[in-house]
Amino acid sequence: MTRGRMIVALDALLSKRNVTLAARQLDMQTPALSRLLGQMREEFGDPLFVRSGRGLVPTPFAEALRPKVQALAAAIDDLFQPTVANLQSEPFDPGWNVPSSVPVPPLATRPANLLDGQPSPAEVASNLDRVGQSSSPHDRLARNIGILGIAGGGHGRPLTMEEAEEAMGIVLAGEADPIQTGALFGMMRVRGATAPELAGFVRAMQGHVAARFGGRLDGRLGSQPGSEPASRLEADLDWPCFTSPNYHNPPWFFHAAKLVAEAGYRVLLHGNTGSGPAAGRYEVVAAALGIPVCSTADDIGAALATQRIAYVPLTALAPQIHRLIGLHRLTQFRNAALEAVHLLRPAGGRTSLLGVTKPYYRELHRDTARLLGLPHISVLGSLRDVAQYAPFRPATIHRLIDGEPNDLALPARMAEPPATPRPRGTSLEYWQGVWAGGMRDARAERIIVGTAAFALYSLPGAAEDFNAALCLAEELWKHRCCR
């Protein structure tokens, strides 16, 4: 038993390299973990970690153990995974997971192929001020990377909105060297993205999407009169849904989005579920509920006009952005492109609904929206990065109302209904049956109604207060079109 605890504790220490953080992850007291570390050192006959200015540094022996320790810790976790659906984990059955139906080209890049006699990166960095708009894309991107890390004698700074827009624009145009792309995202990851940087990324993404769709899809504000295409598309509600393939809860928010559409509002859902074999999950989900899956501006326009709702896969919206997010499989960290894409807002809209897991990012996304000039947005503290509200848990909504921050704390509004007994995994048929009325699931219905109320309350003028939004959502659920 002690050795099992040692394996789990050593895995946490190798990951966090800090006794206090590892103890917090393991829900242990720090002194207890320190004692356990002493036992491990005696058991293995090695110090395992030495202290440095950057925390605990694993010894070569501990580094050699890392692969086995990670595998054993993961196996222990898997052993205790529930065998029936519970409130925390409701995995999809294999029917949900399909590759995307939209073919995606590889990430476009342009290798620099530096030759003898060309300036080195250090030489380029030492002459950042000499790099202007007439310089090559490689030189301009190198300038921005240098600003992040080594400009000003080693005292780097975050990028301005304009610099970040230029950097992301070069990447999206396929003009960046692969090493530059990795350096840009890696340095931003270490430093932490700022609101101006995310705002610049969003603007570059919006311009990229607008160019692909002939200007008909472009969420930017402040365009010059007469510059927009006559047939430019507009939604009332922008609903990004970018989630990991490891997101194991059924997407009840699709039901809620359809209720909002039945209330007469135009809803544009857009997103993906990673870049692997489950990338097309939400295409299956949308089609199963009768929500049009669109890949062209004409498709989106027709869907919003006739059914007031559409889902656009990121693979169709912007393959280059899809590939940037997919770099997670190579780096194992979320890059800033994934944070920015939630604010893409491709067809504008009166407001956007965001679900954000980490508390810091909730205010960061709202600050980014202010810099972009978005008057209304609602950022929901969520278990996953998608706006799905459970009314039996307290929640905080970070909002912009007419461009001004406004936080709303929502208490738990009811006791959590018991989970409806069913086999492991929520099947597609069960998920459809809840909408059609063939399956009764009180917990799922409360999530659907609560999420629809959250969406309606976020739409300017749709509901006087949250209670009124709940009553409206309840009526929409009772009288929904079940076809």
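Visitor: Which residues are linked in a network of salt bridges here?

Guide: Arg17, Glu63 and Arg66 form such a network. A salt bridge is a side-chain nitrogen of Lys or Arg within 4 Å of a carboxyl oxygen of Asp or Glu. This is a predicted model, in which local features need pLDDT of at least 70 and side-chain atom pairs count only at pLDDT 80 or more, while totals for chains, interfaces and linings use all residues. Residues are numbered from 1 along each chain as its sequence is written, and side-chain values use heavy atoms, with hydrogens and water left out.

Visitor: How many salt bridges does the structure hold?

Guide: There are 19 salt bridges in the structure. One of them pairs glutamate 165 with arginine 203, with 3.6 Å between the closest N and O atoms. Glutamate 165 sits in helix H8 (residues 161–172) and arginine 203 in helix H10 (residues 195–212), so this pair ties together parts 38 residues apart in sequence. Helices (H or I, at least four residues) and strands (E, at least two) are DSSP runs, numbered from the N terminus.

Visitor: Are glutamate 165 and arginine 203 buried, partly exposed or exposed?

Guide: Buried means under 20% relative accessible area, exposed over 50%, and partly exposed in between (1.4 Å probe, protein chains only). Glutamate 165 has 25% relative accessibility, so it counts as partly exposed. Arginine 203, at 25%, is partly exposed as well.

Visitor: Where does the partner of arginine 266 lie?

Guide: Start with the bridge: arginine 266 meets aspartate 236 at 3.2 Å, N to O. Arginine 266 is in the loop between H11 and strand S4 (267–272), and aspartate 236 is in the loop between H10 and strand S3 (237–242), so parts 30 residues apart in sequence are tied together. Arginine 266 is partly exposed at 30%, whereas aspartate 236 is buried at 9%.

Visitor: And what does aspartate 407 meet in a salt bridge?

Guide: Aspartate 407 meets arginine 366, at 2.5 Å from N to O. The two link distant parts of the chain, 41 residues apart, with aspartate 407 in strand S9 (residues 404–410) and arginine 366 in helix H18. Aspartate 407 is partly exposed at 43%, while arginine 366 is buried at 7%.

Visitor: Which residues are buried in helix H19?

Guide: An α-helix has 3.6 residues a turn, so residues three or four places apart point the same way. In H19 (residues 428–436), the buried ones are Leu428, Tyr430, Trp431, Gly433, Val434 and Trp435. Their cover includes helices H11 (253–262), H12 (281–288), H20 (442–458) and H21 (466–478), counted by contact, meaning heavy atoms within 4.5 Å. After H19 comes glycine 437, whose phi is positive, near 90°.

Visitor: Which residues lie nearest the centre of the largest pocket?

Guide: Rolling a probe the size of a water molecule over the atoms shows where empty space is left. A pocket is an open set of points, on a 1 Å grid over the protein atoms alone, where a 1.4 Å probe fits, with protein on both sides within 12 Å along at least five of seven lines; lining residues have an atom within 4 Å of a point. Here 32 residues line the largest pocket, and Thr243, Ser244, His328, Arg334 and Leu338 lie nearest its centre. Helix H16 (328–331), helix H17 (336–341), strand S6 (351–356) and helix H18 (359–371) each supply at least two lining residues.
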